[in-house]
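This report looks at how side chains are arranged in a predicted model. The sequence and the structure come first.

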Amino acid sequence: MREVTVNESVEDTLLAAYKEPLVQELLASYRQAKHNFYLGGHRLSAVEGGRFCEAAYRILESVTSGKYTSVGAALDTEKLAGRLASLPGARYSKSIRLHIPRALRVVYDIRNNRDAAHLADGIDPNLQDATLVVVILDWVMAEFVRLSGGTSPDNARALVEGLVTRKAPVVQEFGDFPKLLNPDLKASDYVLVLLYHKGAPGAMYSELLQWVPSSMRRNLRRTLRGLEGKALVHQEGETAWITYAGESSVERRGLLEPQ
């Protein structure tokens, strides 16, 4: 097992285990699907989910046979799923043989077979479909990280927790600097959205001090104490995390949308 650093990313871990063109395609479609979902482009999330499946199927193909169908070429997913299911259990996990292919099939079928505009009951299923799609995409990505064998169990767990954390479209990252695209937020909401975006790893006080506008820095500790008093934030030492109540508050009050 190779050495890992505290800054190791999901991308680093996947690139160490799987073919680079497939990893890049997987990540690009994953990011776009999540971005579309949180900005309300639910139908587009399902479309990107289909693109994600194409890359994921090819990763399974590559892992089990050493080669894969060229990106852009027709892929017979039914035939591939049958071949994966018939692989020896002593050599390949159930996740590779059964669980991931079956999960991908659900996403693929939603992309190909659900015509949200013309359902007989008149109920638009775009949101429910997109919600299912992004949850499955999270799970498949987490499985690829877990199965990569390129990082320690503890680091893999941290990567997976960060992976499935919701990201805020109102935040745009420039390197390691998360910039909020709504400068009119009050200090408590500004900090809450930053912590929402950081998710499971949380953020150090020193990081928040750099990220918030200069006008909010003097009273930052007071702001954090106020949020903690409302059970929206939890603090231990110099690290702060958003709570479930904090996540709900951010979503309910529409703080995720750029200005």
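## Hairpin and nonpolar cores

In this predicted model, strand β2, which spans residues 177–180, has a covered face made of P178 and L180 and an uncovered one made of F177 and K179. Strand β1, residues 171–174, runs antiparallel to β2 and is joined to it by 4 bridges, and P178 on the covered face of β2 is the bridge partner of E173. The two strands form a hairpin with 2 residues between them, and G175 in the turn has a positive phi of about 65°.

In helix α1, residues 10–17, the buried residues include V10, T13 and L14. Viewed down the helix axis, the buried residues of α1 fall within an arc of 95°, so they line one face of the helix. An α-helix has 3.6 residues a turn, so residues three or four places apart point the same way.

L14 is also among the residues that touch the most other members of the largest nonpolar core, which has 37 residues; the others are L26, F52, L104, V140, M141 and F144. The helices below each supply at least two residues of this core, as does α1.

| Helix | Residues |
|---|---|
| α2 | 20–38 |
| α3 | 42–65 |
| α4 | 77–85 |
| α5 | 94–113 |
| α6 | 126–147 |
| α7 | 153–163 |

Leaving aside neighbours within four places in sequence, L14 is in contact with V23, L26, L27, M141, F144 and V145. Apart from this core lies another, of 27 residues, among them Y190, L195, L220 and I242.

Technical notes
Residues numbered from 1 in each chain as written. Predicted model: local features only at pLDDT ≥ 70, side-chain atom pairs only at ≥ 80, totals over all residues. Heavy atoms only, no water. Buried < 20%, exposed > 50% of the residue type's maximum accessible area, 1.4 Å probe, protein only. Arc of directions from axis to C-beta. Core = buried A, V, L, I, M, F, W, Y, C linked by side-chain atoms within 4.5 Å. Contact = heavy atoms within 4.5 Å. Pairing = 2+ DSSP bridges.
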